[in-house]
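Please look over the model shown here before reading on. The paragraphs after it are meant to be read beside the structure.

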Amino acid sequence: MELINGYLTLVGFGETGWGALLLAAAAMTLGVSVCGFLTGTILGSVITFMQLSRYMLLRWLADGYTTVLRGVPDLLVIYLFYFGGSAFLGYLGGLFGYHGFIGMPAFLTGTLALGVVSAAYQSEVFRGAFKSVASGELEAASAVGMRPWPKFRRIIAPLVLRYAIPGLGNTWQLVLKESALISVTGLVELLRQSQIAAGSTRRPFEFYLTAVVLYLIITWASSMTFHRLETRTLRGTRRAL
Amino acid sequence: MDLAFMWETFLTLLPGLPLTLELAATSILAGGILAVIICFIAVVGGPVGRGFAQGYVFVFRGSPLLVQMFLIYYGLGQFRPFLQEVGVWAFFREPYWCAVIALTLNTAAYTSEIFRGGLQAVSVQQVEAARACGMSGPLLLQRIVLPIAIRQALPAYGNEIILMLKATALASVITIMEVTGLAGKLIADSFRAFEVFIVAGAIYLAITFLVTRLLMIVEFWLSPHLRMKPPALT
């Protein structure tokens, strides 16, 4: 009982509790994940266009991108953006006559790194989804005289999104868990905040356990959301199974 | 692009490669055994066993590996007197073993799901046919269920192996100097992120390439029934 009470004061919202900070950090985790995921969606659809292009060079570039980004540890990508970005900013600063260190903002690093990595996964999801759009639907759109843009907006995008939802859900879970790695750049998200709390109270077990529970809540809630989204977009379709 | 610097980088990173491979191999092997145990508990343990397996998978797949690693490495240090008494402190003191334990527990969750999927792919008819021929128990498992399940699970298992190779990079955060750890240190020292990224990335891609090739050979070897039949003599 004493154990539980002690734990509750530790992670609670009282004077000495870390509850509010942990919740704010969880919000930061969500924020950087959402920004990274959306960046990945935009970049991923561009890469899907390249993969489906009729020019060999574009296809080749897109394949190279997905192979490299899916084969390299995400931590390396984060280092690349953090240190590479700082070096680039320093170079820009040099052009304007400033010769000091300019650190890459951690949130931007996180968004870019998560976006670039998840784009590789999302483009594969989109490509698979595009393959399952019936060719008759595309032909019908052309037959009624749709130009490429209306055809994309009205026919391709809604259908591809519908088929892509399960795969996008998986990618979102990946991004969410990967966002913990951004803590190495110093962004105060859930893991970093737990580290800080663990360091100043010397109770690492309680705080990392709390972090695990908060992550589980977020992943559980998002898998529920994606499941509901899936059933919603699938109303009006018939499935064999 | 400075080729001399990149060659130097390559020579700096190469000593980390055995550690990366060792971490991956140890945790994949141990995780595979643990996954079989979890699958077994789920199948024979009734509702309790199934609940346990589902809970295990939910916890280890739903939270980031890095947090699990921190929980084991830093968190368990809090229980040092107890761990010393039980005699396992020697394990939890070393970052290497903590990384191996975290990687093992994590991959076991994913792998047990892959194995479950493989076992479920064995159709009832195939098992019935085997029983009709008089096979049962271990013989049925050895001749019918396992070959089909393994063949079915192989592609997903291959993906998991590659994910684990990449996941070993997280061990660098708890001070283990494998390829990514050395690369991170080199980047921080030299501030040439791009070159180091290219060299380290190339090392990982080379291992991934080798692993996928090996898996393709295993897949070919396990699916003689899918290969094209020789043309019939007429």
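This is a predicted model: local features need pLDDT of at least 70, side-chain atom pairs count only at pLDDT 80 or more; totals for chains, interfaces and linings use all residues.

Residues are numbered from 1 along each chain as its sequence is written, and chains are lettered from A and ligands numbered from 1 in the order in which they are written.

Chain B has 11 helices and 0 strands, where helices (H or I, at least four residues) and strands (E, at least two) are DSSP runs numbered from the N terminus. The radius of gyration of chain B, 22 Å, is well over the 17 Å that the globule rule gives for 234 residues, so chain B is more spread out than a compact globule; the radius is taken over C-alpha atoms, and the rule is 2.2 Å times the number of residues to the power 0.38. Along the principal axes, the C-alpha atoms of chain B fill a box of roughly 70 × 60 × 25 Å. Of its 234 residues, 33% count as buried, a class that requires 20 or more other C-beta atoms within 10 Å of the residue's own, whereas 12 or fewer make a residue exposed and counts in between make it partly exposed, with C-beta atoms placed from the backbone. Among contacts in chain B between residues at least 6 apart in sequence, 78% join residues at least 24 apart, a contact being two residues whose C-beta atoms, placed from the backbone, lie within 7 Å.

Turning to the interface, 32 residues of chain B are in contact with 28 residues of chain A. The elements of chain B that give two or more residues to this side are α3 (46-62), α4 (65-75), α10 (179-190) and α11 (193-222), and the largest share, 8 residues, comes from α11(B). By class, the side of chain B that touches chain A divides into 21 nonpolar, 10 polar and 1 charged, where Ala, Val, Leu, Ile, Met, Phe, Trp, Tyr, Cys and Pro count as nonpolar, Asp, Glu, Lys and Arg as charged, and the others, Gly among them, as polar.

Within chain B, the axes of α3(B) and helix α7 (residues 95-120) come within 9 Å and cross at roughly 125°. The two helices are therefore oblique to each other, since angles under 35 degrees count as roughly parallel, over 145 as roughly antiparallel, 65 to 115 as roughly perpendicular and the rest as oblique. On the α3(B) side the contact is made by B:Ala53, B:Tyr56, B:Val57, B:Phe60 and B:Arg61, and residues of α7(B) in it include B:Leu105, B:Ala109 and B:Glu113. This contact has 7 nonpolar, 2 polar and 2 charged residues.

Leaving aside neighbours within four places in sequence, B:Leu186 is in contact with B:Thr9, B:Thr12 and B:Val196.

Two loop residues complete the picture. B:Thr175, in the loop between α9 (137-167) and α10 of chain B, has a positive phi of about 70° although it is not a glycine, and it is exposed, with 11 other C-beta atoms within 10 Å. B:Phe191, in the loop between α10 and α11 of chain B, has a positive phi of about 60° and is not a glycine either; with 14 C-beta neighbours inside 10 Å, B:Phe191 counts as partly exposed.

Note on methods:
Axes are lines fitted to C-alpha atoms, for helices over the stretch in contact, and angles run from 0 to 180 degrees between N-to-C directions.
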